[in-house]
Amino acid sequence: MGRTMMFRYVNNPRRLFIFVIVSFCLYGVVQIIRTVMDNGLEDLDRAQQLKEMLGEFNRAIKMDVKNVGQVCRHPNLPVNSPEMMKFIKDVEKFHCDSEKNWVEVNGSTAFITDEAKALHGELECTFTDIHRNNEYTTGDGLTTSTHHEYNLEASDFVKVYCKSESGNYWNSILAGIRHSEEIVDRIGWDQVPADGLGLSVIMWGMDSISRNNFIRKLPRTHKFLTETLGALVLEGYNIVGDGTPQALIPILTGSTELELPETRKRKGSRATYVDAYPFIWKDFQSNGYVTGYVEDQPEIGTFTYRLKGFNKPPVDHYGRSFYLAAESHWRNDKRCLGSQECHKIMLGYTENFMSVYRDKPYFMLSFLAQLSHDNVNLVGTMDEDLHAWLVNVHERGFLNNTLLIVFSDHGPRFADIRQTIQGKQEERLPFFSFTFPPWFKQKHPEAYSNFLANTKRLSSPFDIYATLKHVIHFPSKLVENDLKNRSMSLFNKIPLARSCAHAHIEAHWCACLDWDVVSHSDRAIQEGAKEFISFLNNFTLPQRKLCADLSLDEIIWSARLRPNQKLLAFHHSSDPDGFKPDLSGSQRANTEMLQIKLRTKPGNGLYEVSMSHNLVTGHYNIKIQDVSRINKYGSAAHCVMETNQDLRKYCFCKDPPATF
C-alpha cells in the first residue's frame, strides 16, 4: 500500500508538491505548538523555582537557632593546605613582543613614541576609529594620518597602521578614553547628591579567584592592598549562585536573574535586552558620575554568553568593541597584543579612565577573565604588574577620593582543585575587598567601625549593591541592619544572627558550617578540651613563675560544625542557567570545626574556643585569635597587668594581689 501511494505521488508531480507542502506545514505547526508549550512550561518552571527558593528560605529562617553567638561560621581554610597545594604550581611569566609598541596611549591621546622614532626614523601612522555596530560587530570610522599624535574624540578605540621610511611597518588596536564634551558637561561633583559620600568608585574584578587563592597567587598585591592601602577584606563573603552572571547581577542590580525581565537568548523574540536591568551604574550616571564597564573574553561575556546583551552602550565608556576588534590581533593564546600583556591593556584602560576624569566623579567596573577563568595558577603571572599598578595609582593620588573594590566573582569552578572538599568550599568564598581613602575613617568613624566588624560576618553580592547605593545617598543615621532585609549595606552592622537563609543563599551554595550541639562526653570534645588546656598552658609558659598551670574544671557547652550536607552533595548545575543543582555527589568532610565553652581552674576562667579537627590525622589546630575569655579576669591577672598585657585573659597569678 505504502509503495503504491508513493508511486502515485512520484508519477503525479502536482500531488507530490502538495504532499511536501502539507508535510512542511504540519511539521511547522507541531514545532510552534511544541515551542509555545516548552516556553510556557519553562516560564512556569522559572516562577516555581523562585517560589520554592523563597519558601525554603522562609522555612529555614523559622527554624530554632541555638544561642551560639554568630550563627554563620565560615570554615577556617588553611591557605597552604596539602589538599590544595598539590594543585598549586609556579607558572613562568610569559613574554610578548620584545620591541615595544610604536604607538602608546596617555589618557585621550595616542602618540608615536620617541623610542620608535629613534629606531625607525620618521614614521607615518594612520588611525581608524572603531565604532560599535551592536554587541557582536564593529565598524570602521574615519581614518586620519599623522606623524605625531592623534586625539581620541570619536571613539575610545582605534586601529593603527604605521610605516617607516625604510618600509618597516607596525599595526595594532589601541584603547584610550575619548574626550567628549557631552559627557564633561553632564558630570561633576556639583551634580552629586549632597548626602553622598563624595567618593568615586573603581571595581577591579577577576574571574574565579577564591580568597585563599588570591593570597597564594597574588602575594605582593595582597600585601600592598592590606598593609599599605589598608584594604578591608570580607572574610565572610559568600556567593549566591553558579557562575559570573549569578555573582555580578546581584552586585549590579540587587536582584537575581529570576527576578528580572527575561533576557535569555534562547527565548528568541520573547527575550528583551539586558538594558532593562536596573544597573547601579544608571544610578551613578544620573547623579553626576561618568561611567565605564569593560570585560575581556567577549565570547563568554557575562551578559552575552547566555543573555541577549545590550541594545545600546550601557555606560559612557564601554570596552566590548575593543575586544571584538582585537580578536584577530591576539598572540600567545590571547595573552599578548603587540608588546602588551592582556592584563596590562585592561589596567591601562582603567588607569586612563581615572586620569582623564581625576577631578570628576566616576564609576567603573573592569573585569578580567583571561588569566584566571580556566587556570588556578596562571593569574600568578600578573602579581608583579597588578602590584605595580596599585602602587602607581596610589602615588598619582587617584585613590585620594576613590573607593577601590578589588574582588572576584567566585572561586575556581572547573579545575581538579574544585573536586576537593576545600576546593568546593573555596568556590563559595571568593576574594572581596574595599579600600577607602585615609580620610574616610576619620570622617565616618562609625561607618568604618561597622564595615570592619562586617568583614567577619556573613555577606553576599546583594550587600555590595546596597553598599554602593549608600555611596550615592549616605544615611544620616546608621542602624543595625534588619534581618528581614536580603540586601544589607556594609556601612550598617550585620546582625550576628544572620544565616544563609536570611541572605537568600541556597543551602548548596552556603559555606557556613552546620551547627550540631554534641554531648560533652563525645570523644572529640573531650580530647579537644584537653588540647585547649595544653594550648593555654603553653601560651603562658614563658611566665610560669607568675602564672599557674590551668586544668579543666568542666565543659559547659559544645558543638560540632561541618559543611552542610547539600554543599557536600552538590556535583554541578544540571541546567544551562545554573539554577538547578545536581545533588548526586558523595563527598565526606575530612575536617570539622569544634566550638567548646568551658571553665578552668584555678580562677574559674570561662572560655569559648573554636578549633579545627582533622578527622584523618586526629590533629587539633587552635589559634589564640579564636579564643574568647567570656568572664572578667579582674585582679586575678594582677601579676602581668602592666608587664604583659597579652596574657591578662589567660593568666591566673600564683600569688594573691598585695593588700594595703
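Contact here means heavy atoms within 4.5 Å. The views below are taken from a predicted model.

**View A. Helix 15 and the elements that surround its buried residues.** Helix 15 spans residues 445–454, and its buried residues are Ala447, Tyr448, Asn450, Phe451 and Asn454. Viewed down the helix axis, these residues fall within an arc of 160 degrees, so they line one face of helix 15. An α-helix has 3.6 residues a turn, so residues three or four places apart point the same way.

**View B. An open sheet of 3 strands in the order 1-2-5.** The pairing in this sheet is antiparallel. Strand 1 (103–106) and strand 5 (149–151) are at the edges with a single partner strand each, so one side of each has no neighbour in the sheet. From one strand to the next, the twist averages 20 degrees. Strand 2 (residues 109–112) is joined to strand 5 by 3 bridges. Phenylalanine 111 has glutamate 149 of strand 5 as its bridge partner.

**View C. The largest nonpolar core, with 54 residues.** The members that touch the most others are Trp204, Met206, Leu225, Phe322 and Met382. Helix 11 (residues 342–356) gives the most to this core, 7 residues. Leaving aside residues up to four places away in sequence, phenylalanine 322 touches Phe157, Ile173, Leu174, Ala175, Leu337 and Ile345. Another core, of 50 residues, lies apart from the largest one and includes Ile251, Ile405, Met488 and Ile494. In soluble globular proteins, nonpolar side chains tend to be buried together.

**View D. The packing of helix 11 against helix 12 (residues 383–395).** Helix 11 contributes His343, Lys344, Leu347, Thr350, Glu351 and Met354 to the contact. From helix 12 come Asp385, Leu386, Trp389, Asn392 and Val393.

**View E. The hairpin of strand 21 and strand 22.** Strand 21 (residues 591–601) and strand 22 (residues 605–614) run antiparallel and are joined by 10 bridges. Among the residues shown, glutamine 595 has serine 610 of strand 22 as its bridge partner. The hairpin has 3 residues between its strands, and glycine 603 in the turn has a positive phi of about 105 degrees.

How values were computed
Residues are numbered from 1 along each chain as its sequence is written. This is a predicted model: local features need pLDDT of at least 70, side-chain atom pairs count only at pLDDT 80 or more; totals for chains, interfaces and linings use all residues. Side-chain values use heavy atoms; hydrogens and water are left out. Buried means under 20% relative accessible area, exposed over 50%, partly exposed in between (1.4 Å probe, protein chains only). Helices (H or I, at least four residues) and strands (E, at least two) are DSSP runs, numbered from the N terminus. The arc is that of the directions from the helix axis to the C-beta atoms. Two strands pair if DSSP finds at least two bridges between them. Axes are lines fitted to C-alpha atoms, for helices over the stretch in contact, and angles run from 0 to 180 degrees between N-to-C directions. A nonpolar core is a set of buried Ala, Val, Leu, Ile, Met, Phe, Trp, Tyr and Cys residues joined through side-chain atoms within 4.5 Å.
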